[in-house]
Amino acid sequence: MNAIETRALRKVYPAPAVKKRRGAPAPPAPPSSGIVAIDSLDLAVPDGEFFGVLGPNGAGKTTLIGILTTRVRITSGEAVVAGANVMAQPADVRRRIGVVPQRPNPDRSLSVIENLVFHATYFGISRADATRRGHELLERLGIADKATAKVDQLSGGQQQRLMIARALTHDPRVIFLDEPTVGLDPQARLSLWEILRELHAQGRTIVMSTHYMEEADQLCDRLAIIDQGKLLALDTPAALKAQAPGDTVVEVTFDADASAAADIARAMDGVSKAEARGPLLRVFSKRGGELIPALIDAGEAQGRVVRDIHLSRPSLETLFITLTGRKLT
Amino acid sequence: MTAASLPPVAPSRVFTAILLRDLTVARRELPYFLVRTALQPILFVVVFGFLLPKMGMIPHGYVTTMLPGVVALSLTLSAIQSVALPMMQDFGFTKEIEDRLLSPVPIYLVAVEKVASGVLQGIVSALFVLPVARLIMGPIPGLSFGNAPLLLAVTILGGAAFSAMGLYLGTGIAPQQIGLMFSVILAPMIMFGCTYYPWAGLSHVPVMKWLVLINPLVYVSEGMRAALTPTQPHMPIALILVALVILIALFMWLGLKAFDKRAMS
């Protein structure tokens, strides 16, 4: 059975209203179509999968998770989560999912353990069971010593753990995490990875959005790469990496337009593709970093000065650049 | 266990659990809550119900007119604030209400629950102010608890109308405009709410008598007058009750619409 299925999913946000100011000329009318956040998205995530949604900021990741967690209205299409339709049966969906938000939003009027106990009672769990389970979860997530603390006394990483504990209080089968490691220090991030692996090992379906390649690569069974609301690629991390062009991406940033340098680069031996985006020269190189001196020369011959050099080996990152024309972060 | 086999939860159970959360938080904040909602009515009681009569500037009989108004004021002030303030906070930067919006009930129930909690908090505030006012003002001629059903009806309907208004204000107004809400909406409402004078008294200024009818507080004040001091002139009871029901329907409709707009994108 599929934990998640979407068909021709589309979300358009209304264009922001433009206020007219007296005296000022009328601003150009916004496009009446609004802002397309998700565009004809078809997904199927089988039960028990660790599914990653990878994309840069603004790609539509948060909107997608918002739709699947019943918090964002669908414009057209359909989404079924844990056997219930998100628009027709939102309460049934909510009964079966756990959500870890992008930014921790604990109930600040309550203590740490109360956050878990009350949340569990919202799902019909008795207070006694909720209390027992709450302490178990705090223990498992390593914040048992904070049970009676106010949530404001927790660090960012501890608040994130509290959010995970909260998402687990009603024993959901599908867990959604929206960029859970943003803002965490490396150590907190690694320990969060451990927790997620453990949840996955218990057979739960996990859907996680991220813009960190390494995270997606390490944790996910399958990855959807999305940008501008569209699905660009969907496969296992290994298969996606195999799709990556066998080239190293060399990026040289000059102080001004790089198009002349790109023309020179295209003629070089071992260059499969070269493009200029303003002052950025991007070259797909079969000879790794060996081309760098020649590329610098090409720019300097045009009177340019080098500001920055970046080199990416064949990876999910170079695949992403090939697919979207932009970097993830 | 498959996802679909999780037992369904009765909405009433979820509703009660969320209400219990609000009451737990309210109980902890009781001193602040009473200061916020009962201090202003009590200060009025001290000046108009104690000091001025003592000085002989107001006849002591005035306390009979004033008491129902003060009870109405504390009921409505606390009902409106118990809903509007948490709504502004919850939908603001912290998005704390999210954990309740993810509970397995239709989201309008989360809003209805807030209104129910507002009614209960309004009752607490009114129950607090009534004996304090009696203590400060001394014996109140004409005070009667004989019509308990009417008192209960006015309290619950009045509390519901103002909680629903709080829902609308709390979800429909930007947090930056909260100061404006107090000075532009609440202050005139209090002064022209027939709290410190009976509606019948406005016969001396006929324009005002009709203008104040758009003020929801008028019906609660007059309702309290009809229930607590029935010998005082007051509006017909049927008119009061019908007006309150219409106000509840209006503010619930506006409030649920604004709530839904904030809760779902």
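How many residues does the contact take from chain A and from chain B? It takes 25 residues from chain A and 25 residues from chain B, where two residues are in contact if their C-beta atoms, placed from the backbone, lie within 7 Å. This is a predicted model, in which local features need pLDDT of at least 70 and side-chain atom pairs count only at pLDDT 80 or more, while totals for chains, interfaces and linings use all residues. Residues are numbered from 1 along each chain as its sequence is written, and chains are lettered from A and ligands numbered from 1 in the order in which they are written.

On the side of chain A that touches chain B, the elements giving two or more residues are helix 2 (90-96) and helix 3 (112-121) of chain A; helices here are DSSP runs of H or I with at least four residues, strands are runs of E with at least two, and both are numbered from the N terminus. Helix 2 of chain A gives the most to this side, with four residues. By class, the side of chain A that touches chain B has nine nonpolar, seven polar and nine charged residues, with Ala, Val, Leu, Ile, Met, Phe, Trp, Tyr, Cys and Pro counted as nonpolar, Asp, Glu, Lys and Arg as charged, and the others, Gly among them, as polar.

Chain A is divided into domain 1 (2-19 + 31-236) and domain 2 (245-313), with bounds that come from an automatic or database domain assignment. The C-alpha centres of domain 1 and domain 2 of chain A lie 40 Å apart.

Chain A holds an open sheet of four strands in the order 2-1-4-5, with antiparallel pairing; two strands pair if DSSP finds at least two bridges between them. Its edge strands, each pairing on one side only, are strand 2 (35-46) and strand 5 (84-85) of chain A. Strand 4 (residues 76-81) and strand 5 of chain A are joined in the antiparallel sense by two bridges, and A:Val80 stands opposite A:Asn85 in strand 5 of chain A.

An open sheet of six strands in chain A has the order 6-7-8-3-9-10 and mixed pairing, with strand 6 (97-100) and strand 10 (230-235) of chain A as its edges. From one strand to the next the twist averages 15°. Strand 7 (residues 174-178) and strand 8 (residues 205-210) of chain A run parallel and are joined by five bridges; there A:Val174 has A:Thr205 in strand 8 of chain A as its bridge partner. Helix 5 (residues 156-168) of chain A packs on the sheet, touching strand 6 and strand 7 of chain A, and its direction makes about 170° with that of strand 6 of chain A.

| Helix pair in chain B | Angle | Axis separation |
|---|---|---|
| Helix 6 (residues 148-172) and helix 9 (residues 216-228) | about 165° | 9 Å |
| Helix 3 (residues 62-90) and helix 5 (residues 107-137) | about 150° | 8 Å |

Helix 6 and helix 9 of chain B are therefore roughly antiparallel to each other, a term for angles over 145 degrees. The crossing of helix 6 and helix 9 of chain B is left-handed, meaning that the near helix is turned anticlockwise from the far one by less than a right angle, clockwise being right-handed. The residues of this contact between helix 6 and helix 9 of chain B comprise 12 nonpolar, two polar and no charged. The crossing of helix 3 and helix 5 of chain B is right-handed, and their contact has 15 nonpolar, nine polar and one charged residues.

Key:
Axes fitted to C-alpha atoms, helices over the stretch in contact; angles between N-to-C directions. Parallel < 35°, antiparallel > 145°, perpendicular 65-115°, else oblique.
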